[in-house]
Amino acid sequence: MKSIIVSLFVSWLSFGSSGIAGELRISAAASLSEAMTEVARAYQQSAGETVQLNFGGSNALARQIKAGAPCDVFFSADEATLDQLLADGLLHENSVARLLGNSLVVITPAGSPLKITSAKDLLSPEIKRLSLGDPAAVPAGVYTRKWLESQQLWEAVSKKVVAAENVRAALAAVSSGNTEAGVVYKTDAMTTKETTIAFEVPQS
């Protein structure tokens, strides 16, 4: 199978900057909440510059930027979102860079007896609801859909999908027990003990 490789991209905005001296406005994919908060704290201490963080789904953040929300740096979970902003003239030319890699994992609530060892196991009748980022817009959901399409399982599994506004909302749905399983980034799954990684989507 052709694996899904998840990457994080960053770019500088050409318009909509904060315009405030000594302040850096950063919009970042929700999955970066903990990491970016820690980095921002260290940066503020070393540079003496205030960092304002704004987290959300990459697609939602892009809409904010298009609407004129102040932003200096954008960390996106997918390149397509940045390509569109670039086409709209909202990013500095040649500023898009691939920074980090991630992987998708299938998670279940901690203590769940479910055994998931392959994509086909998502068809199990024991899994009535599968949470993931909106497969029509949120990068994690788009990646998940591509993975399941490569396995010829999307049509069947999509009937169970509970679409979330971002990957953290998908994680919360599983950790609260509202869904039997979900697909999120591995780094998100590692932020809580209320879920268990049942299966890691293979990467090439």
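Biologist: Which residues are linked in a network of salt bridges here?

Modeller: First the rule: a salt bridge is a side-chain nitrogen of Lys or Arg within 4 Å of a carboxyl oxygen of Asp or Glu. In this structure, E34, R168 and D188 are linked in such a network. Keep in mind that this is a predicted model, where local features need pLDDT of at least 70, side-chain atom pairs count only at pLDDT 80 or more, and totals for chains, interfaces and linings use all residues. Residues are numbered from 1 along each chain as its sequence is written, and side-chain values use heavy atoms, with hydrogens and water left out.

Biologist: How far apart are the closest N and O atoms of R168 and E34?

Modeller: They sit 2.5 Å apart. That pair links distant parts of the chain, with R168 in helix α6 (residues 167-175) and E34 in helix α1 (residues 33-47), 134 residues apart. Helices here are DSSP runs (H or I, at least four residues), as are strands (E, at least two), numbered from the N terminus.

Biologist: Is R168 buried or exposed?

Modeller: Buried means under 20% relative accessible area, exposed over 50%, and partly exposed in between (1.4 Å probe, protein chains only). R168 has 18%, so it counts as buried. D188 is buried as well, whereas E34 is partly exposed at 41%.

Biologist: How many salt bridges does a search of the whole structure find?

Modeller: Six. One of them joins K66 and D88, at 3.5 Å from N to O. K66 is in helix α2 (residues 58-66) and D88 in the loop between α3 (79-87) and β5 (97-102), so parts 22 residues apart in sequence are tied together. K66 is partly exposed at 46%, and D88 is too, at 39%.

Biologist: Now the empty space. How do I read that?

Modeller: Rolling a probe the size of a water molecule over the atoms shows where empty space is left. A cavity is a set of points, on a 1 Å grid over the protein atoms alone, where a 1.4 Å probe fits but cannot get out; lining residues have an atom within 4 Å of a point. The count comes to one cavity of 30 Å³ or more. The largest cavity has a volume of about 70 Å³, volume being the space filled by probe spheres set on the points, which are joined across faces, edges and corners. Among its 13 lining residues, the closest to the centre are A29, A30, G57, V138 and V167.

How values were computed. 1 Å grid on protein atoms, 1.4 Å probe; cavity = no way out; pocket = protein on both sides within 12 Å on 5 of 7 lines; lining within 4 Å.
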